[in-house]
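Q: Please show me how to read the features of this chain one at a time, with the general idea before the case.

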Amino acid sequence: MGGYGRLRGLFADFTAELADALEAFGEPDIASQLDVLYVTGRCRCGDEDCGSFYVSDGSPRPPRRGLVNYIANLDTGQIILDVCFGTITYVEVFDRPDVNDITSRLPRAPAQAPRPARYRASIRPFWPDAEARNSNRSS
Ligand SMILES: [Zn+2]
């Protein structure tokens, strides 16, 4: 146990929403992590619409898979999960006042090492109808 509390405890409704979406999209391994993650601090950007925060399961893991961004653009806001070596490390959330209300009370996370200059994450929409919603918006 560490950080500022369990993800599920701090963000009960949001976490349930994420778990449902990940399971619906066939990502039970990612979804199951939501039960054990705790929140280690909020994003340092200072954007008032940003409710992003860092998470950890407390165990350092050896590199197995690269970083993947799981992305959803929803009517209820944008969510991006940074999944680093198979483990969720960062939950990027925009335009979610319910999440921001909680995140804004957390201390900022300490600075981390910058990403490599030629860093590029692979991207994966995970919400079942995220792509359909996006194409509807642009038309
Ligand atoms: Zn931010």
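**Reading the strands, core and helices**

A: In strand 5, valine 91 is the bridge partner of phenylalanine 53. Strands are DSSP runs of E of at least two residues, helices are runs of H or I of at least four residues, and both are numbered from the N terminus. This is a predicted model, in which local features need pLDDT of at least 70, side-chain atom pairs count only at pLDDT 80 or more, and totals for chains, interfaces and linings use all residues. Residues are numbered from 1 along each chain as its sequence is written.

Q: In which element is confidence lowest, and in which is it highest?

A: The score to read is pLDDT, the predictor's confidence in each residue, from 0 to 100. The chain averages 79, and 73% of the residues score at least 70. Confidence is lowest in helix 5 (residues 130-138), with a mean of 48, and highest in helix 1 (residues 7-10), at 95.

Q: How many helices and strands does the chain have?

A: The chain has five helices and six strands. In sequence order the pattern is α-α-α-β-β-β-β-β-α-β-α.

Q: In which sense do strand 1 and strand 2 pair?

A: Two strands pair if DSSP finds at least two bridges between them. Strand 1 (residues 38-42) and strand 2 are antiparallel, with four bridges; one of the pairs is valine 39 with valine 55 of strand 2. Strand 2 also runs antiparallel to strand 5, joined by two bridges.

Q: Which residues touch the most other members of the largest nonpolar core?

A: In soluble globular proteins, nonpolar side chains tend to be buried together. A residue is buried if 20 or more other C-beta atoms lie within 10 Å of its own, exposed if 12 or fewer, and partly exposed in between, with C-beta atoms placed from the backbone. A nonpolar core is a set of buried Ala, Val, Leu, Ile, Met, Phe, Trp, Tyr and Cys residues joined through C-beta atoms within 7 Å. The largest one here has 24 residues, and Leu7, Val55, Leu81, Ile88 and Val91 touch the most other members. Helix 2 (12-24), helix 3 (28-33), strand 2 (53-56), strand 3 (68-74), strand 4 (77-84) and strand 5 (87-94) each supply at least two residues of this core.

Q: Which residues is isoleucine 88 in contact with, leaving aside neighbours within four places in sequence?

A: Contact requires C-beta atoms, placed from the backbone, within 7 Å. On that basis isoleucine 88 is in contact with Ile30, Gln33, Leu37, Val55, Leu81 and Val83.

Q: Where do the buried residues of helix 2 fall, seen down its axis?

A: An α-helix has 3.6 residues a turn, so residues three or four places apart point the same way. In helix 2, Phe14, Leu18, Ala21 and Leu22 are the buried residues. They fall within an arc of 95° (taken from the directions from the helix axis to the C-beta atoms), so they line one face of the helix. On the other side of helix 2, Ala12, Asp13 and Ala16 are exposed.

Terms used:
Two residues are in contact if their C-beta atoms, placed from the backbone, lie within 7 Å.
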